[in-house]
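Dear colleague,

Please read them with the coordinates open beside you.

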Amino acid sequence: RFGGDPCSAWYLTDGGHFENAAAYALLRERCRLIVLAACGADPLYRFEDLENLVRKARVDLGAEIQFLKPACADPPAPFGGVGSLSDLASPHSDACLALAEIRYAGGDTGHLVLVKPNMSSGLPVDLLNFKASNPTFPQQTTADQSYDEAQWESHFVLGREIGQWLTTELLQGLADDQHPPFVPDDGRPLKGTADSAAKDGHAA
């Protein structure tokens, strides 16, 4: 929703085929903090929608998006759910958020928080069992427009679990630039000791 005049918060739900992540318009407005829920089907975690956004931001807007990762393997609260992009794709990590610095043309900066639906330890047993029966969950194709009760509830519960990491403290810390040290994301996983059974789809 865009009110026309500048305001403190905007909400955008779909970027269409031009830019599916729906963050392009927010980058064009030079937002200081963008929370991006990347929910397009991506079963192999190739981040193609993100790739498209980064390229268009650079070419069209002169904005560079540099992904980061925590400097330590166990970042303190409330940044415990933040990892590298490789962590989001790994079945051995609990990370469900990634962080990027935005450098706009002219010198302004901002942050982008990427929310990527994935499985982690500590999830409810019904969610783990649904994953075991539906291996592509939570990256199922949106061509399926008729979710049954189990599918809908599983997506809802996973979103609620991941959403608990998006605390006011985390977002305010990024907005105020008060956060633990981050380093450029070099493509290597940050964490590798978490329970792998959850993302592999095996219930305990």
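**Pockets, a helix and aromatic pairs**

The second largest pocket in this structure, which is a predicted model, has a volume of about 440 Å³. It is lined by 15 residues, and those closest to its centre are C39, P117, H155, F156 and G159. Helix α5, which covers residues 149–163, makes the greatest contribution to the lining of this second largest pocket, giving seven residues. Sorted by class, the lining of the second largest pocket holds 10 nonpolar and five polar residues, with no charged ones.

The largest pocket has a volume of about 990 Å³, and of the 30 residues that line it, W10, L12, L26, I34 and V35 are the closest to its centre. Two elements, β1 (33–37) and α6 (168–175), each give two or more residues to the lining of the largest pocket, and the largest share, five residues, comes from β1. In the lining of the largest pocket there are 21 nonpolar, six polar and three charged residues.

Turning to the helix α2, this element spans residues 48–61 and has 14 residues, and from its first C-alpha to its last it reaches 19 Å, which is close to the 20 Å expected at 1.5 Å a residue. The buried residues in α2 are L50, N52, L53, V54, K56 and A57, so that list includes a lysine and an asparagine as defined by relative accessible area under 20%. The buried residues of α2 pack against α1 (24–28), β1, β2 (64–70), α3 (85–89) and β4 (109–115). Just after α2, G62 adopts a positive phi of about 65 degrees.

As for the aromatic residues, the count comes to three aromatic pairs. One of them joins F18 and Y24 in an edge-to-face arrangement, with 5.0 Å from centre to centre and 90 degrees between the planes.

With best regards

Methods
Residues are numbered from 1 along each chain as its sequence is written. This is a predicted model: local features need pLDDT of at least 70, side-chain atom pairs count only at pLDDT 80 or more; totals for chains, interfaces and linings use all residues. Side-chain values use heavy atoms; hydrogens and water are left out. On a 1 Å grid over the protein atoms alone, a cavity is a set of points where a 1.4 Å probe fits but cannot get out, and a pocket is an open set with protein on both sides within 12 Å along at least five of seven lines; lining residues have an atom within 4 Å of a point. Grid points are joined across faces, edges and corners, and a volume is the space filled by probe spheres set on the points. Helices (H or I, at least four residues) and strands (E, at least two) are DSSP runs, numbered from the N terminus. Ala, Val, Leu, Ile, Met, Phe, Trp, Tyr, Cys and Pro count as nonpolar, Asp, Glu, Lys and Arg as charged, and the others, Gly among them, as polar. The expected span of a helix is 1.5 Å times one less than its number of residues. Buried means under 20% relative accessible area, exposed over 50%, partly exposed in between (1.4 Å probe, protein chains only). Contact means heavy atoms within 4.5 Å. Rings of Phe, Tyr and Trp (its six-membered ring) pair if their centres lie within 6.5 Å; planes under 30 degrees apart count as stacked, over 60 as edge-to-face and the rest as tilted.
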